[in-house]
Amino acid sequence: MIGAALRQVQLGAVPVATPTGRLVGASGLLLESVGCPLRTGQRCSIETGTGSWIDAQVIGFREDVSYLMPFKQPEGLATGARVLPQPDQSALQIGPSWLGRIVNGLGEPVDDLGRLGGDQVLETQPPRVNPLKKRPVDEPLDVGVRAINGMLTLGKGQRVGLMAGSGVGKSVLLGLITRQTVADVVVVGLIGERGREVREFIDLSLGEAGLARAVVVVAPADESPLMRVRATELCHAIAAHFRDQGQDVLLLVDSLTRYAMARREVALALGEPPATRGYPPSVFSMLPQLVESAGNGENAAGSMSAIYTVLAEGDDQQDPVVDTARAILDGHIVLSRELAERGHYPAIDIAQSISRCMALVTTHEHQQAARTLKAMAARHAQVRDLLPLGAYVPGADPVTDRAVAAWPRIEGFLHQGVREAAPLADSIAQLAEVTA
């Protein structure tokens with residue numbers, strides 16, 4: 001009797017049919033399926049004409065048509081191809097073995113070093129933290145860059161944008177910050193960049209020692225927009241995991257603009273009307289959601305600082321993504337093409353840059369010295385064009401005279417070599433000497 005009941009239970013658990021949809025449309029990366037109800041966010045497998053399968057995700061629907069987007073470039077699709085919804089899979093498992101590894105947007109290793117292991121569940125979506133329970137920013141973050149440590153001091157848990165046009169030195173400065181920052185774990189998201197730069201960043205910017213404490217998530221420019229979106233969200237989830245384990249984490253995302261562009265491609269494919277410079281309105285609602293998942297958590301130990309590169313197209317600081325990032329981040333570091341053309345590296349424009357958390361993590365004396373140097377640099381900028389012509393006459397303004405006399409020391413303070421280290425304490429001491 002018991003055996004019969006057991007067999008009945010076992011038979012009842014066997015599905016009598018597999019729900020299957022049919023592919024009825026393919027326009028670019030947007031696929032249309034009918035015949036099977038699908039949930040938004042659900043993963044599916046689509047059969048190709050060669051008998052292989054490609055993975056896709058449901059991104060929307062209209063009446064009985066479900067819209068899907070593949071994670072990789074689709075090839076060999078045919079009308080009427082089978083669409084199989086995948087069962088809910090267990091989340092990724094993460095642990096210390098992820099350090100030193102390189103993964104794609106799905107959490108799959110791409111470094112040929114074997115499977116990833118772990119003993120804790122990693123949700124693919126970054127967690128949300130109650131803003132009233134977030135630990136405040138109250139400790140300085142040493143990034144090893146003298147101009148930032150001295151003039152734009154960052155705090156543990158701060159989120160800042162690195163804003164510049166193309167070819168001004170964002171990636172070089174990001175590599176310098178990656179190597180020099182004092183942190184337990186570094187999570188790097190290389191989103192929408194050239195494939196050549198991925199290998200260069202890992203070998204030259206990170207190096208063997210840097211990679212040992214890092215997790216790199218890559219989604220080059222030739223990946224689908226959905227994969228670039230997933231990769232950006234995954235690196236936030238990884239950073240949040242290590243933060244909640246009580247470690248100091250530095251999250252680097254290169255770049256936030258490529259994430260916005262990927263979101264734009266997805267939204268336009270679904271038919272959302274473009275608004276500001278071709279960006280649909282949903283893009284500007286997604287950016288704050290992503291950025292707010294960074295920062296400190298509820299635990300007393302552990303922090304998550306984030307640096308996002310933001311591409312200013314045509315060096316336009318009023319670009320919609322740049323403007324939105326400036327509003328939602330805790331500060332911005334602007335790189336100037338004019339400074340780069342003069343051979344001033346890193347090309348940080350201290351007049352246009354600001355750290356909104358500097359007052360929380362520095363002393364009054366440090367803040368006063370930074371304001372003094374900034375004022376002296378502004379005075380020098382007013383007469384810079386007159387100096388080569390000999391048109392500037394000393395003695396008319398003592399403050400300007402002091403700025404002109406101190407300019408070689410100021411410029412030396414703001415300059416830094418690619419392999420030069422500048423600890424926080426040394427940067428503050430040098431700032432005090434320059435402004436004394």
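The largest nonpolar core of this predicted model has 53 residues. Inside this core, the residues with the most contacts are I148, M151, V216, I307 and I348. Helix α12, which spans residues 398-414, gives the most to the core, with six residues. In soluble globular proteins, nonpolar side chains tend to be buried together.

Leaving out residues up to four places away in sequence, V216 touches R101, I102, V103, V188, L190, I202, L206 and L211. One of these residues, I102, is also the bridge partner of V216 in β14. Strand β14 covers residues 214-219 and runs parallel to β8, to which three bridges join it.

Both strands belong to an open sheet of eight strands with mixed pairing, in the order β8-β14-β13-β15-β16-β12-β17-β18. The edges are β8 (101-103) and β18 (354-355); each has a single partner strand, so one side of each is left without a neighbour in the sheet. Helix α3 (residues 170-180) packs on the sheet and touches β12 (159-164), β13 (185-191), β15 (248-254) and β16 (303-311). The direction of α3 makes about 165° with that of β16.

E197 counts as buried because its relative accessibility is 17%, and the cut-off for buried is under 20%. The side chain of E197 is joined to that of R194 by a polar contact of 2.4 Å.

How values were computed: Residues are numbered from 1 along each chain as its sequence is written. This is a predicted model: local features need pLDDT of at least 70, side-chain atom pairs count only at pLDDT 80 or more; totals for chains, interfaces and linings use all residues. Side-chain values use heavy atoms; hydrogens and water are left out. Two strands pair if DSSP finds at least two bridges between them. Helices (H or I, at least four residues) and strands (E, at least two) are DSSP runs, numbered from the N terminus. Contact means heavy atoms within 4.5 Å. Axes are lines fitted to C-alpha atoms, for helices over the stretch in contact, and angles run from 0 to 180 degrees between N-to-C directions. Buried means under 20% relative accessible area, exposed over 50%, partly exposed in between (1.4 Å probe, protein chains only). A polar contact is a pair of N or O atoms within 3.5 Å; within protein, one must be able to donate a hydrogen and the other to accept it, and residues adjacent in sequence count only if both atoms are side-chain atoms. A nonpolar core is a set of buried Ala, Val, Leu, Ile, Met, Phe, Trp, Tyr and Cys residues joined through side-chain atoms within 4.5 Å.
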